[in-house]
Amino acid sequence: MELGTREKAILALERRAFPGPGAKERAIREELDLSPVRYYQLLNALLDDARALAHDPVTVNRLRRVRETRRAER
């Protein structure tokens with residue numbers, strides 16, 4: 001089974017660079033019609049989804065490393 005449109009859009013947003021503070025949160029609200037909190041909940045679940053890894057391994061592996069680094073710092 002393939003990722004849905006929203007899941008693909010979340011990964012696409014994570015591949016982008018944003019010019020300044022607040023730009024990413026604005027894009028989340030405007031483009032995905034999600035609150036930032038819900039967006040990050042969905043993103044975190046996606047990082048554990050094998051379909052997401054198959055769809056975009058570079059982005060998913062990068063985000064997994066970031067997540068693990070933050071967990072280790074706590």
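Q: What share of contacts in the chain between residues at least 6 apart in sequence join residues at least 24 apart?
A: The share is 43%. A contact here means heavy atoms within 4.5 Å. The model is predicted, so local features need pLDDT of at least 70, side-chain atom pairs count only at pLDDT 80 or more, and totals for chains, interfaces and linings use all residues. Residues are numbered from 1 along each chain as its sequence is written, and side-chain values use heavy atoms, with hydrogens and water left out.

Q: Why is the chain called as compact as a globular protein of its length?
A: The chain has five helices and zero strands, where helices are DSSP runs of H or I with at least four residues and strands are E runs of at least two. Its radius of gyration is 12 Å, close to the 11 Å that the globule rule gives for 74 residues, so the chain is as compact as a globular protein of that length. The radius is taken over C-alpha atoms, and the rule is 2.2 Å times the number of residues to the power 0.38.

Q: Why is arginine 38 called partly exposed?
A: Its relative accessible area is 37%. Buried means under 20%, exposed over 50%, and partly exposed in between (1.4 Å probe, protein chains only). Arginine 38 therefore counts as partly exposed.

Q: Where does arginine 38 sit?
A: Arginine 38 is in helix H3, residues 36–46. Its C-alpha atom is 9.8 Å from that of isoleucine 28, ten residues away along the chain.

Q: How many of the 74 residues count as buried?
A: The buried share is 32% of the chain.
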